[in-house]
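Subject: Structure handover

Hello,

Please find the structure below. My notes on it follow, with the cut-offs given where each term comes up.

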Amino acid sequence: MHHSPARRASFGLLAALAAAPAARAAARKAALPEVVIYHLEGRRSERVVWLMEELGLPYKLEFKRGDLAGSMAQIRALSPIVPMAPTVKYGDQILVESGAILEMILERHGGGRLMPAKDSRDYPAHLMWMHYAEGSLAARLFSDYRAWMANPPTRRSPLVDSEATVQFADEFLKTHAWFGGAEFSAADIMMLFPLNVATGLNIVDVAQFPAVAAWKTKVEARPAYQRMLAKARPDGMIGNLPVLPKHAPPGPRTPAPSRS
């Protein structure tokens, strides 16, 4: 069968358009600058290591094994105003905030992996959990932890408390396989740290949240997570915070007093 030059040109244009997404993804991956992750063992910097392992992207990991103070000194030398883990060198740029770092790497170098399509039903929830992990969940957990270390609670707060922020996640997981919706995504990477804090430090009663427990089992079995642990936490967790002697009792909140 012979086609006219115009028709052959149309086929060529269609083939080029079909190949364009793959070419753009390859270009993004090829353009990855050197990534150096300055790390504290068992802390939020694990998220960036885990993401790079999931994506199969190259990186350097900088920390002093078994020495949190030494690792922090390395970070402070690089970023003296806000010494935080993670601090990441991305080419010649210094970046902080794990959620922003994950989003940037996904957008530039992920090639569509570890995030739902932006026009999909799952994308809004994925993005919400990406930000909820720190903006609502971790913020509430650490605020309650500090207060409860000084004065263990005897009743639930009438306001949004740690139990409520974890319950919100547990309810979602009762009807969704992952925080990314149908597929594992970077939202799951973001959510593991605060949920481990919630249960590991006895801020909430782990037995109350079976959907979270089942999700954690799946997440922690992922090969990339296990590779991250071997590299970023070679001696297990170090420098643990003290476990709360008592968390707030479960049950309904006491209504806030009305103002008259």
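The chain has nine helices and four strands, where helices (H or I, at least four residues) and strands (E, at least two) are DSSP runs numbered from the N terminus. Starting at the N terminus, the order of elements is α-β-α-β-α-β-β-α-α-α-α-α-α. This is a predicted model, in which local features need pLDDT of at least 70 and side-chain atom pairs count only at pLDDT 80 or more, while totals for chains, interfaces and linings use all residues. Residues are numbered from 1 along each chain as its sequence is written, and side-chain values use heavy atoms, with hydrogens and water left out.

Overall figures

Of the 260 residues, 43% count as buried; buried means under 20% relative accessible area, exposed over 50%, and partly exposed in between (1.4 Å probe, protein chains only). The accessible surface of the chain is about 13600 Å², and 59% of that belongs to carbon and sulfur atoms. Areas come from the Shrake-Rupley method with a 1.4 Å probe, and for residues only the protein chains shown count as cover. Among contacts (heavy atoms within 4.5 Å) with a separation of 6 or more, 74% are between residues 24 or more positions apart.

The sheet

The four strands form an open sheet in the order β2-β1-β3-β4, with mixed pairing; two strands pair if DSSP finds at least two bridges between them. Its edge strands are β2 (60-62) and β4 (93-96), each of which pairs on one side only. From one strand to the next the twist averages 25°. For such angles, axes are lines fitted to C-alpha atoms, for helices over the stretch in contact, and the values run from 0 to 180 degrees between N-to-C directions.

Strands β1 (residues 35-38) and β3 (residues 87-90) run antiparallel and are joined by four bridges. Ile37 stands opposite Val88 in β3, and Val35 opposite Tyr90 in β3. Helix α2 (residues 46-55) packs on the sheet, where it touches β1, β2 and β3, and its direction makes about 145° with that of β1.

On to β4: β3 pairs with it in the antiparallel sense over four bridges. Val88 has Leu95 as its bridge partner in β4. β3 and β4 form a hairpin with two residues between them, and Gly91 in the turn has a positive phi of about 65°.

A surface patch

Ile81, Val82 and Met84 make a nonpolar surface patch of about 290 Å². Patches are made of residues with over 30% relative accessible area and no salt bridge; like charges are joined within 9 Å, and nonpolar side chains (Val, Leu, Ile, Met, Phe, Trp, Tyr) within 5 Å. A salt bridge is a side-chain nitrogen of Lys or Arg within 4 Å of a carboxyl oxygen of Asp or Glu. Met84 lies in the loop between α3 (68-78) and β3, and counts as partly exposed because its relative accessibility is 32%.

Two residues after α9

Arg233 is in the segment after α9 (223-232). Arg233 counts as buried because its relative accessible area is 18%. Neighbours within four places in sequence aside, Arg233 is in contact with Gly42, Glu46, Tyr225 and Met228.

Ala248 is also found in the segment after α9. With a relative accessibility of 7%, Ala248 counts as buried. Its contacts, again leaving aside neighbours within four places in sequence, are with Trp148, Pro153, Arg155 and Arg156. The C-alpha atoms of Ala248 and Val204 are separated by 7.4 Å, although the two residues are 44 residues apart along the chain.

Regards
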